[in-house]
Amino acid sequence: MEPFTCFMEFRSYIDELYSNDYQKCQEAMICLKNAVIGSNKQKASVVSQGIVPRLIALLTDEAIPLALRCDAGIVLGSLAKGSNDQVRQLILYGTIHVLLQLIMKKNTEKQLVEICLRALRSIYQYRYAPTDVLHSNNGTLTYLIVDLASPSSSIECQSCIANILVPICHSYIEQMLLCQAGAIPLLARLITTNHLVLQIPALKCLASMCFTNRAVSDIVCATSHDDEMIPDILTRLTSRSRPVEVQLTAARCLTYLHRSGSLGSNDSRIEFKTLPCLARLCTDEFDEDTRATAAETLAYLAEIDSDLQRLAAISNHLINSLNTLLQCTSALPRQGAFRCFASLGANDEDIRKRIIEMDGLMEEVLAGLGDHCPEVRLAAVRCLHSLSRSVQQLRTTFQDHSVWRPLMALLTGQPSNELLTVVTSTICNLLLEFSPAKEPMLESGAVEMLCELTRNQDPALRLNGSWALMNMAFQAEQHVKTKIINTLGTDRIFQLLADSDTRVIMKTLGLLRNLLSNTLHIDSIMSEHSEKVMQAVNLVLDSQHPSEVKEQALCIIGNIGAGAQATDYVMEDENTLRKLGEFLINKDSKLQAGARFAIGNLIRKNDITAPARRNRLKELGILNRLEESRRQELFGTHVYEE
C-alpha cells in the first residue's frame, strides 16, 4: 500500500483511523506512519487536523492489539522529531504525561515502553520541553534511573534514559534531584561501557550535573565504579585513543569538577591530562565544532587561575591554533577562540603580548565587535577587555586602531546587559590617565553616557559607570571634573552613596577623592558644592558600612583639608570633627589611619587660620587623642587619588 502525500486526497485513511475495525485502523496507521517519517509537511498536516488525540487514545487503550498501540507510539515519536511548532502542540496535548504514565506502569509491554522512551527522548531535545514534569515526582526519576536503566535493560532503553536526563539537570535544584534519584552511580556505570550511545549522553549528563555545583561535584569525586574513582575514569577517557567526542566531553566533566572546587588546579588530572587534551583538540586536525567547544571549555578551565593560563599558553601551540580558528567563517569557532584568548590574557602581560602580536589579531577582534552574531560580539569584547589590562597596549596597539570607536558604537541601540557590562568594563580601562583614548572619548559624550549608566537597575552597570567616572577624574583637568560633577549631579552622588552594592559606594567615594584633588580644583568644587559634599561624607561616616568604606570618606576629608580655602568647610562641620576624634581612638586600624591622615592635613597646613584651627582641635580634645594615637609621628600634607 503506497503512503499518501496529502491527507485531503486520502480522506478515507483518516476516517479509518477512527474505525472500530482494528484491521482497517491498523492499515491506516501504517500509511500514516510511512507518510510522516522524514516529512515535516506531513507531520504538520497530522497535527493541524487534530489527529494527535486519536493517536494518544489508541496508544493508551489496553483493549486494542499491541501492534496498533506500538504504531501509534511510533507516529507520536516521529511527530516529536518535527518542527518547533509541531512539538509544542504535542506538549499542549499532554503527550509527555501520557508517555510517562505508560512507562511507569508495571504491566506495560517492554516493546511499548521503549517506543514511549524514544518519543520522550525526542521531545526533550527541545529546550522548551517542561522539565518540571519529570522532577515533580521523585518516584518518576528513581524508577527511570534505578529500574528502567538497570544493567539488565536493553541498550536502547538505557540510551534513551541517559539522553532524557541530559537536558533536565541545568539548575541547582534539578542537579540535586537527579543526584538524590541515584543518577551518579548510573552515569559512572554508563561511561565505562564500550557503547558510544551510552557513553556520550552519560558524559554530557555528568558534565551538566557538575556545572557550578560543588555538592554534586564532591559526590562525583567520591564515587567509584568497579573500584575506579569517577575522576580517574574520566581522565582515562581523555586519552587520544578514545573517540574524539568522548575525549572532549570527559575533559568538560573534569573542567567542571575543577571549577566547582572539587579538584584543585594543581591536580595532575587537571594540569597534565585535562588541559593538554583540550589544547590538542583545538588544533586544525579536528573539525570546527570540536575545536570551538574545546576552546570554550579551555577558556572556562583557565579563566580564574593564572598558573593554568600560563600552562595553556605554552601547550601544543595553542595560541597559533586559536588564531587559525579565527579564520573560520562560522560563528562558534570564532566565539570559542575569542573566549579562550580572553581567558589566557587575563593576568599575564607576556601572554597578552604574544596574543596581540599575532598577525592580524587586532583586525579580527575589531571585526568581531561588528559581527552579526551576538555571541561572537560578546566574546570579542571579552577578548578586548582582557587585552586592555595592558598599559603598553593601551598606549600603542589600542591607540593605533582607535579601539574606543567600535566600543562606543556598541553602546548604541539596545545591547544586552551582559554585553553592556563587558563593554563598559573595557571602557573603564580606556579611561585611565595614561590611555591616549581618554580625550577623544570625552569629546564623544563619554561623560553623559557614564553618568546615565549609574542610573541603571543592574548593580554591575552602576558599578562600571561609577568606576569609569572615577578613572576619568584621575589627574583630570578642572573642566573635566566640573563636567562630571555637573552632569552627574550631587543628588545622584547621594543616591550612589546609599547604593545597596558596597562596591558602587566605594567607587563613588573614589570618584569624589579624585574630583577633590589638586588645591585649585578642591577650592573650586567646594566653593560650589561644599554643603552637598560634606553631607555626602557625613552620610558615610554615620552609616553602618565596614571600616574600609569609612576610610575612603576620611581620605576625602583629608583631601578637602589640603585645599587652600576648603579647610574651613571641615572645621565648621561639628559632626565631621566629632567623628574624627572618635575614630582616632577606634580599635580599627583603618579608621585610625584615615582619621590621622585627615587631621594631619588640617594641622600641618600653615596659613593665617592655622592657629585658630589648632586651638579648635585642642578644645575638642582631638590633638590630645592624636598624640595618644601616634606620639612620634609627623604628618605631612598629602592628597590621595584612587
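Predicted model: local features only at pLDDT ≥ 70, side-chain atom pairs only at ≥ 80, totals over all residues.
A helix here is a DSSP run of H or I with at least four residues, and helices are numbered from the N terminus.

Leaving aside residues up to four places away in sequence, Thr519 touches Ala562, Gly563 and Ala564. Asp499, on the other hand, lies 20 residues from Thr519 in sequence and 29 Å from it in space, going from C-alpha to C-alpha.

Let's zoom out to the whole chain. How many helices and strands does the chain have? There are 42 helices and two strands. The C-alpha trace spans about 115 × 50 × 50 Å along its principal axes. The radius of gyration tells a related story: the chain has 33 Å, while a compact globule of 642 residues would come out near 26 Å. Even so, buried residues make up 57% of the 642 residues. And if you take the contacts with a separation of 6 or more, 69% of them are between residues 24 or more positions apart.

Follow the chain to Asp267, in the loop between α17 (244–260) and α18 (268–281). Is Asp267 buried or exposed? Its relative accessibility is 17%, and buried means under 20%, so Asp267 counts as buried.

Helix α18, on one side of that loop, has a partner in helix α20 (residues 306–313): their axes come within 11 Å and cross at roughly 45°. That angle makes α18 oblique to α20, and the crossing is right-handed. Who does the touching? Ile270, Glu271 and Leu275 from α18 meet Leu308, Leu311 and Ala312 from α20. Sorted by class, that contact has five nonpolar residues, no polar ones and one charged one.

Next stop is helix α22 (residues 331–344), which packs with helix α24 (residues 361–369) at an angle of about 115°, the axes being 12 Å apart. This crossing is left-handed. On the α22 side you'll find Arg334, Phe338 and Phe341, and they meet Leu361, Glu364, Val365, Ala367 and Gly368 of α24. Here the residues of the contact divide into five nonpolar, one polar and two charged.

To reach the last pair, jump from Asp267 to Glu627: the two are 360 residues apart in sequence, and their C-alpha atoms are 54 Å apart in space. Helix α42 covers residues 622–629, and its axis comes within 11 Å of that of helix α40 (residues 589–604), with the two crossing at roughly 125°. Once again that works out as oblique for α40 and α42, and α40 passes α42 in a left-handed crossing. Gln592, Arg596, Ile599 and Ile603 make the contact from the α40 side, and Ile622, Leu623, Leu626 and Ser629 make it from α42. By class, this contact of α40 with α42 has five nonpolar, two polar and one charged residues.

Terms used. Residues numbered from 1 in each chain as written. Heavy atoms only, no water. Buried < 20%, exposed > 50% of the residue type's maximum accessible area, 1.4 Å probe, protein only. Axes fitted to C-alpha atoms, helices over the stretch in contact; angles between N-to-C directions. Parallel < 35°, antiparallel > 145°, perpendicular 65-115°, else oblique. Left-handed = near helix turned anticlockwise from the far one by under 90°. Contact = heavy atoms within 4.5 Å. Nonpolar A, V, L, I, M, F, W, Y, C, P; charged D, E, K, R; others polar. Rg over C-alpha atoms; globule rule 2.2 N^0.38 Å.
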